[in-house]
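Biologist: I am new to this entry. Please show me the chains, then let me ask about them.

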Amino acid sequence: MRRTAYDITKTAMMLALALVLSILEAWLLPRGILPIPGFKLGLANIAILVTLYSVGKKEALLVAVLRSLVVLALGGNIIGFIFSLTGGVFAWGTMCVLVERKHVSIFGVSIAGAASHGIGQILAALWVTRTVYVITYLPYLVLAGSIAGGFIAFLTIPIVKALDHIGNEMIQ
Amino acid sequence: MRKKDGQSNTSVKKLPPRNFRFSSGDVFIIGAIVLVCAILIGGIFFHRRAHQGDARYVRITQDGKVLLEMDLAEFSDPMEYRIDSERGHMIIFISSEKVYIKESSCTDKICVDQGDLTAPGDGAICLPNRVVVQIVSGGSEKDDPSGKVDVIAR
Amino acid sequence: MRSVICSRKHIANANSRRPAFSRPGRGVALFLSLVLLVSWTLTLSGCSGKKKKSVTLFACDTYVTLSCEGKDANRAINEASDLLMKMDAKLSRGNKDSEISKLNASSEKEPVTLSEDTYYLLSTAMKYSEKTAGRFDPTVAPLMDLWGFSTGYPHVPDSAQIQETVKNVDYRKVHLLSNRTAYVEPGVSVDLGGIGKGFIGDILMQKLRAFSLSEIILDLGGNICAWSSSSDLSIGVVSPLDTTKMCCTFTLSSSTVGTVITSGAYERFFEQDGVRYGHIMDTRNGFPSNTDMLSVTVIGADGTRGDAYSTALYALGSGEAKTLAMRDNIDCILCAENGTLWVSSSLKGKVHAQEGWTIEYFG
């Protein structure tokens, strides 16, 4: 498999987009606004979905992991990093499986990805706290995440289409 | 299709199929998520209701280790429970009506946002400090080896 | 009667769910990381009307819970916690200003003068070392350091290093002089941690008995020191196979002071290459003691003695342990690998086995 300069550019753009969206989300929704403590919309997942659809699976994982790392380097805490990483890897795995299915659209992929993100985070929380109680958060986190996931898919579609359009113009 | 026109020359790899229209598989995914969550929420709800009248205990754990477990009825005088550990410090307010995390040295303050804990099943988690504060019901003697003894030597 | 059960319950819960080292690796990590944990609970017990107070502190490298019931509970607990912190500071090897640190820095030319308590404890430790032929030894600390048990990163050290270190593990290299002075030979390091909790428990109990109280239960990291004026107390002994369960219970008669002290490698151990290494050292070869013994519980009025003997008996293995216990009249429960509890016959009727354990008396 060969990586073209165009693919690398797109991946880099998406990493930048993921970072901007991470920061934007923290800025738009300061703590305490959402009813479920610790819940996030996951806007950065837009960039990961775009990468998955218009570059490839490996690159999507790369964006997810690098995003977590850069957020950590930009002054995040290590716990936040562990969580976004486990959540991100879980979501990526699920999305990779579902994206191949003909009868599952981007909505299903995004929703299932968001739900897996929640499950991954709860598993990380179980490991960190060693307390079974954290499981009671699971349904709320997964439900809220799934709703956000649908919304994210909606925002992703125009970006994928726009990238295709740019690609077509370049070739012509 | 569009995908092939745009990419066949620039890349030999195969992109995943694209489906941007809401499809049958999505319904199945959403249904499964809703079903599982409904079962979990229902389970939590009924568990809570079953233990409504029981004595309420506050349990504070760090790294899975129980730091404090006491009947809330003992706190007719409220107290502030301090945790000073290498990970950070916390102040937990405990009274016979409610428990809440008053202060925490963590950066996200998610634990403080979790507010008042009043009923069995309520809890607040501080991940950076690895602390879990829970209200549990007192009717759990069966898995509690100390139920019959005054104290355990270990 | 109901009031008694009701008021007991919170003590039982508050103590027992707080194992000092329930999860071995984390236990050791937390052991070092927790600087101080204090909880004050002042309670007027609703159902009995008796004044009851309980406090948990982080001292002696573990959690210590003091619980009292009675008229003076408040004052008693306050004074006892002050005394506890003072004693801890005096006896801790980790504290650079403690008397023990000064002793470890001493030499034949420059002996140190110790306080009455420390000198007494040191000479008592030496006495028990002699009686147990060094199976209990207060100079074992460098070996513990070498194996990493005191640093939180345990590992199997180099065998040459073990040979070198074990030479300095010898209580005969600590010299007690007149006028409360003492010194150690070069390379020898004293740690009274193996006996200190028992001793501090004794001192606290002595202090608390002077107050007007009806019940005293002290839990020093699992070492229990208890007394009740009117009712029998039931003291559980944790199962070395599953620390959420008990292997037996011991009934302490009312108005008797009883200490119940357990030693075993079931809470502090590590595994390397499939071999399990516990924190109790065999002072003869410098390796963790590896016998048929899972845990030893010594019962008696003297916690200092109990602390020393529980360590020594554990390191011996059940055969030799029985002989030593009979010779020195130690009341104990030896918990052996095959599920047998060897119990001193003097404890007949007071020890009750839990499911899965069988009692056999000896002596």
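Biologist: What share of the contacts in chain A with a separation of 6 or more comes from residues 24 or more positions apart?

Modeller: Two residues are in contact if their C-beta atoms, placed from the backbone, lie within 7 Å. Take the contacts in chain A with a separation of 6 or more: residues 24 or more positions apart account for 69%.

Biologist: What pLDDT do local features need here?

Modeller: Residues are numbered from 1 along each chain as its sequence is written, while chains are lettered from A and ligands numbered from 1 in the order written. This is a predicted model: totals for chains, interfaces and linings use all residues, side-chain atom pairs count only at pLDDT 80 or more, and local features need at least 70.

Biologist: How many helices are there in chain A?

Modeller: Helices (H or I, at least four residues) and strands (E, at least two) are DSSP runs, numbered from the N terminus. Chain A reads α-α-α-α-α-α along its sequence. It has zero strands, and its helices number six.

Biologist: How far apart are the end C-alpha atoms of α3(A)?

Modeller: Helix α3(A) covers residues 57–73, which is 17 residues. The expected span is 1.5 Å times one less than the number of residues. That gives 24 Å, which agrees with the end C-alpha distance in the model, 24 Å.

Biologist: Which helices are among those covering the buried residues of α3(A)?

Modeller: A residue is buried if 20 or more other C-beta atoms, placed from the backbone, lie within 10 Å of its own; 12 or fewer makes it exposed, and in between it is partly exposed. Buried residues of α3(A) include A:Val63 and A:Val71. Their cover includes, from chain A, α1, α2 and α4.

Biologist: Which element of chain B has the lowest mean pLDDT?

Modeller: pLDDT is the predictor's confidence in each residue, from 0 to 100. Chain B has a mean of 79. Strand β5(B) has the highest mean among its elements, 91; the lowest, 45, belongs to helix α1(B).
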